[in-house]
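Here is a short briefing for a first look at this structure. Keep the sequence and the 3D view at hand while reading.

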Amino acid sequence: MIVQDYPWFSDMPDCLYYMRAEEFPRPFIEKGIIFILPDKLKNFRKNLYHVRRRDNDDSALYVPLFRANCLLESEPCPKDMSGPFPVYPFYTRIARNRRHYLDYYMLFLLGSQSERARFNTLTA
């Protein structure tokens with residue numbers, strides 16, 4: 001997988017939780033989700049992005065679409081949302097939109113190799 005303009009990225013760790021609205025907005029359900037990060041990942045709260053495979057491209061090139069809404073565990077949670085729920089197994093299900101499978105991921109996009117190493121150390 002290659003993410004356009006981001007040579008380093010990491011998957012979401014198992015320690016993440018999310019809260020969701022009663023009804024998911026369309027077309028991206030992630031716009032109705034708030035991800036709850038452990039306090040140790042406070043410096044990476046702006047690095048979680050929704051990425052999708054580039055249309056009409058047979059290669060594994062993905063592009064960032066939008067930044068995810070994130071809170072830290074120590075911050076108050078919004079009262080109008082359900083949760084918190086564990087991120088997995090929610091993200092192990094295959095999402096489908098009409099006749100096409102959606103090829104997307106939520107990734108931490110990182111600007112340098114040292115930033116990726118620090119992220120991996122905190123999530124190990």
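Start with Tyr18: its relative accessibility is 5%, so Tyr18 counts as buried. Phe85 has 28% relative accessibility and therefore counts as partly exposed. The two form a tilted aromatic pair, with 5.5 Å from centre to centre and 45° between the planes. Keep in mind that this is a predicted model.

**Confidence**

- The mean pLDDT of the protein is 84.
- A score of at least 70 is reached by 86% of the residues.
- Among the elements, strand 7 has the highest mean pLDDT, at 94.
- The lowest mean belongs to strand 10 (residues 100-101), at 54.
- Where pLDDT is low, the predicted coordinates should not be read in detail.

**Aromatic pairs**

- There are 5 aromatic pairs in the structure.
- The pair of Tyr18 and Phe85 links distant parts of the chain. Tyr18 sits in strand 3 (residues 17-20) and Phe85 in strand 8 (residues 82-86), 67 residues apart.
- Phe44 and Phe119 make another pair: their planes stand at 80°, so the pair is edge-to-face, with ring centres 5.2 Å apart.
- Phe44 belongs to the loop between strand 4 and strand 5 (48-53), and Phe119 to helix 2 (residues 113-123), so this pair ties together parts 75 residues apart in sequence.
- Phe44 counts as buried because its relative accessibility is 1%, under the 20% limit.
- Phe119 also has 1% relative accessibility and counts as buried.
- Ring pairs join Phe44, Phe108 and Phe119 into a cluster.

**Nonpolar cores**

- The largest nonpolar core has 18 residues.
- Met12, Leu16, Phe35, Leu37, Leu48 and Phe108 have the most contacts inside this core.
- Two or more residues of the core come from each of these elements: strand 4 (33-37), strand 7 (69-72), helix 1 (87-90) and strand 11 (104-110).
- Another core, of 7 residues, lies apart from the largest one. Its members include Val3, Phe9, Val51 and Leu107.
- Beyond four places in sequence, the residues that Phe108 touches include Trp8, Met12, Leu16, Leu37 and Leu48. Both Phe44 and Phe119 are also among the contacts of Phe108.

- Strand 4 is mostly covered, with 5 of its 5 residues buried.
- Ile33, Phe35 and Leu37 point one way from strand 4, while Ile34 and Ile36 point the other way.
- Strand 4 pairs with strand 7 in the parallel sense, over 4 bridges. Within strand 7, Leu72 stands opposite Leu37, and Cys70 is the bridge partner of Phe35.
- Strand 3 and strand 4 run antiparallel and are joined by 4 bridges. Met19 has Ile34 in strand 4 as its bridge partner.

- Strand 2 and strand 11 run antiparallel, joined by 4 bridges. Asp11 stands opposite Leu107 in strand 11.

- Gln4 is located in the loop between strand 1 and strand 2.
- With 30% relative accessibility, Gln4 counts as partly exposed.
- Gln4 and Tyr62 are 58 residues apart in sequence, but their C-alpha atoms are 6.0 Å apart in space.
- Leaving aside neighbours within four places in sequence, Gln4 is in contact with Arg54, Leu61, Tyr62, Val63 and Pro64.

Definitions and conventions. Residues are numbered from 1 along each chain as its sequence is written. This is a predicted model: local features need pLDDT of at least 70, side-chain atom pairs count only at pLDDT 80 or more; totals for chains, interfaces and linings use all residues. Side-chain values use heavy atoms; hydrogens and water are left out. A nonpolar core is a set of buried Ala, Val, Leu, Ile, Met, Phe, Trp, Tyr and Cys residues joined through side-chain atoms within 4.5 Å. Buried means under 20% relative accessible area, exposed over 50%, partly exposed in between (1.4 Å probe, protein chains only). Contact means heavy atoms within 4.5 Å. Rings of Phe, Tyr and Trp (its six-membered ring) pair if their centres lie within 6.5 Å; planes under 30 degrees apart count as stacked, over 60 as edge-to-face and the rest as tilted. pLDDT is the predictor's confidence in each residue, from 0 to 100. Two strands pair if DSSP finds at least two bridges between them.
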